[in-house]
Amino acid sequence: MDFAKYLKEYPNEEGKFGSYGGAYLPEQLVPAMKDIEQAYLTICHSSQFVNELRRIRKEFQGRPTPVYHCERLSRMIGNCQIYLKREDLNHSGAHKLNHCMGEGLLAKFMGKKRIIAETGAGQHGVALATAAAFFGLECTIYMGEVDIAKQAPNVARMKVLGAEVVPVSRGLKTLKEAVDAAFEDYLENYKETIYCIGSAVGPHPFPMMVRDFQMVVGVEAREQFQEMMGFLPDVVTACVGGGSNSIGMFIPFLNDPVEIVGVEPTGRSTKMGDHAASMTYGSEGVMHGFNSIMLKDEKGEPAPVYSIASGLDYPSVGPEHAFLHDVGRVKYDVASDEEAVDAFFKLSRYEGIIPALESSHAVAYAMRRAKEMGEGSILVNLSGRGDKDLDYVIEKYGYGEKYKDFK
Ligand SMILES: *Cc1c(COP(=O)(O)O)cnc(C)c1O
């Protein structure tokens, strides 16, 4: 396949990447999604929108984020060199703000008053509340009561930022019920509201828009690495939950002689319910308004999922990933909880960077690959910082005593 023209061809007019993607929606939402698509396709070519987004990225988010060479970590493993794209230094501590600021600016241009979303661990909620404060939009975040109890610091952040956090008390009181509640709100209020999806998933045009907004990561990283080294990395990698930080990192390298690898979580084990490696163990199906690869239970419903990194436990994956997997351009590999925690402590101890547990999966894979490769270079998207994970990690694993003796 020739990837030079890729962005012109994918997705097609129906929002499809091959057979994946599309928009499977209740009838009343079809015009609302069409409106968003039309507005986006017009606006993304307007110099006013592009310039405003560029200014926001520079002055508010602190972009470009740097590319960093992990000299000590690389030396410990051997001769292969590991580099990080530092999305942990993006304002609010992760890549998610890249698409939330894009979605907020779109809402503003469309004359909407309000943005809403669901959140699980609260990361997407915090990023969206940040965007809402910046643009002066109302913001409602739906969150299961169980998650609210577990994620007090993120709930506090959202409230301080001015968002309304609505506790969802039905069913298991977690992410799935929060999605249902946010969806019901959207069905009633779509005229003045945009439902901002938290990853490169959901009905068209969201996988496309989120990809476009996240591509700043890969575009910057490719240019920075090339400038630093005079060549491109051998391997580019990122963790895959819904697939937003990874798709943004990967697309700008599609047409290069670079191996691209997405890393999924195998959690506690590869038994159903113990992991969230959708691409590795899933099959084709429709959920949350789009067709992709998903993990299903015996009844064909979305399977229960688990990962130590709550941002990765989603039972499906963005449709573009399913397509790039099928055509053989992107490979998908896995890392377990244990490997992620090992990488979490090693990056902290050897480089002074505490990574998010999500990002630690990609670091773990890079460390494993570096050992196998023996030479060359690997560029990892460090999607976020790990402050949010400290309490949990310390309680379960202590302070990483076994990594103290590094020379
Ligand atoms: C949410 C999150 C992820 C997973 O989401 P993707 O859409 O797959 O990128 C990864 N890393 C961090 C730090 C996150 O907050």
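The model is predicted, so to speak of local features a pLDDT of at least 70 is needed and side-chain atom pairs count only at pLDDT 80 or more, while totals for chains, interfaces and linings use all residues. Residues are numbered from 1 along each chain as its sequence is written, and side-chain values use heavy atoms, with hydrogens and water left out.

**The second largest pocket**

Let's start with the second largest pocket, which holds about 770 Å³ of space. A pocket here is an open set of points on a 1 Å grid over the protein atoms alone, where a 1.4 Å probe fits, with protein on both sides within 12 Å along at least five of seven lines; lining residues have an atom within 4 Å of a point. The volume is the space filled by probe spheres set on the points, which are joined across faces, edges and corners.

Its lining counts 26 residues, and Arg57, Asp212, Phe213, Met215 and Val216 lie nearest the centre. Helices H1 (6–9), H2 (30–43), H3 (47–59) and H10 (206–229) each give two or more residues to this lining, and H10 gives the most, with 10 residues. Helices are DSSP runs (H or I, at least four residues) and strands likewise (E, at least two), numbered from the N terminus. Because domain 1 (17–58 + 95–207) and domain 2 (62–93 + 215–403) both contribute lining residues, the pocket lies between them; the domain bounds come from an automatic or database domain assignment.

**Salt bridges**

With a salt bridge taken as a side-chain nitrogen of Lys or Arg within 4 Å of a carboxyl oxygen of Asp or Glu, the count comes to 23. Three of them are set out here, with burial classed by relative accessible area (buried under 20%, exposed over 50%, partly exposed in between; 1.4 Å probe, protein chains only).

| Pair | N to O distance | Relative accessible area |
|---|---|---|
| Glu52 and Arg55 | 3.1 Å | Glu52 24%, Arg55 37% |
| Lys388 and Glu358 | 2.8 Å | Lys388 29%, Glu358 9% |
| Arg369 and Glu372 | 3.9 Å | Arg369 15%, Glu372 58% |

Glu52 and Arg55 are three residues apart in helix H3, which means about one helical turn separates them. Arg369 and Glu372 are likewise three residues apart, in helix H15; Arg369 is buried, whereas Glu372 is exposed.

The bridge between Lys388 and Glu358 links distant parts of the chain, 30 residues apart: Lys388 sits in the loop between strand E14 (377–382) and helix H16 (390–397), and Glu358 in helix H15 (residues 357–373). Finally, Arg63, Lys85, Glu87 and Glu220 are linked in a salt-bridge network.
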